[in-house]
Amino acid sequence: MKNWTLEQFAEHYVETLAKPANAWGQHLSDIFGQSHYIMIAATKVFGRDAVQEAFAKAIQKNGEENA
């Protein structure tokens, strides 16, 4: 996680959401645990607005690639 770019955080978030959820409906990252912790870590570094925009773009890009 050290020195990750915003794009790397966003890509990891999308990859984590693509994994099957556990019994409680949570998507788990091998690095951060629950998926929302990826967003929290990225927000601490890059700020809320930048993270929301980058994550939304990554989710949209993933949706287009898998359409």
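Does histidine 12 count as buried or exposed, and at what relative accessibility? In this predicted model, histidine 12 counts as buried because its relative accessibility is 13%, which falls under the 20% cut-off. That makes a handy starting point for a walk through the chain.

**The overall picture**

Let us step back to the whole chain for a moment. There are 3 helices and 2 strands, and reading from the N terminus the order of elements is α-β-β-α-α. The C-alpha atoms occupy a box of roughly 30 × 25 × 20 Å along the principal axes. How does the radius of gyration compare with that of a compact globule? For 67 residues a compact globule would come out near 11 Å, and the chain has 12 Å, so the two agree.

Of the 67 residues, 27% are buried. The chain exposes about 4,800 Å², and carbon and sulfur atoms account for 53% of that area. As for charge, the chain carries 6 positive and 8 negative charges, and their mean positions lie 8 Å apart.

**Helix H1 and its packing**

Helix H1 covers residues 6–18, which is 13 residues. From its first C-alpha to its last it reaches 19 Å, close to the 18 Å expected at 1.5 Å a residue. Its buried residues are Leu6, Phe9, Ala10, His12, Tyr13, Val14 and Thr16. Which elements do the buried residues of H1 pack against? Their partners are strand S1 (28–29), helix H2 (36–46) and helix H3 (48–65).

Histidine 12 belongs to this helix. Setting aside residues up to four places away in sequence, histidine 12 touches Trp4, Ser29, Ile31, Phe32 and Ile38.

Tryptophan 4 sits in the segment before H1. Its relative accessible area is 19%, and it is therefore buried. Beyond its neighbours within four places in sequence, tryptophan 4 is in contact with Phe9, His12, Ile31, Phe32 and Phe46.

Isoleucine 40 is placed in helix H2, and at 39% relative accessibility it counts as partly exposed. Glutamate 53 is found in helix H3. With a relative accessible area of 48%, glutamate 53 is partly exposed as well.

**Separations between selected pairs**

| Pair | Separation along the chain | C-alpha separation |
|---|---|---|
| Isoleucine 40 and serine 29 | 11 residues | 13 Å |
| Glutamate 53 and alanine 10 | 43 residues | 9.6 Å |
| Tryptophan 4 and valine 45 | 41 residues | 9.4 Å |

These pairs link back to the residues above. Alanine 10 is one of the buried residues of H1, and its C-alpha is 9.6 Å from that of glutamate 53.

Methods. Residues numbered from 1 in each chain as written. Predicted model: local features only at pLDDT ≥ 70, side-chain atom pairs only at ≥ 80, totals over all residues. Heavy atoms only, no water. Helix = DSSP H or I, 4+ residues; strand = E, 2+ residues; numbered from the N terminus. Expected span 1.5 Å × (residues − 1). Buried < 20%, exposed > 50% of the residue type's maximum accessible area, 1.4 Å probe, protein only. Contact = heavy atoms within 4.5 Å. Rg over C-alpha atoms; globule rule 2.2 N^0.38 Å. Areas by Shrake-Rupley, 256 points an atom, 1.4 Å probe, with all protein chains shown as cover. Lys, Arg positive; Asp, Glu negative; His and termini not counted. Charge placed at Lys NZ, Arg CZ, Asp CG, Glu CD.
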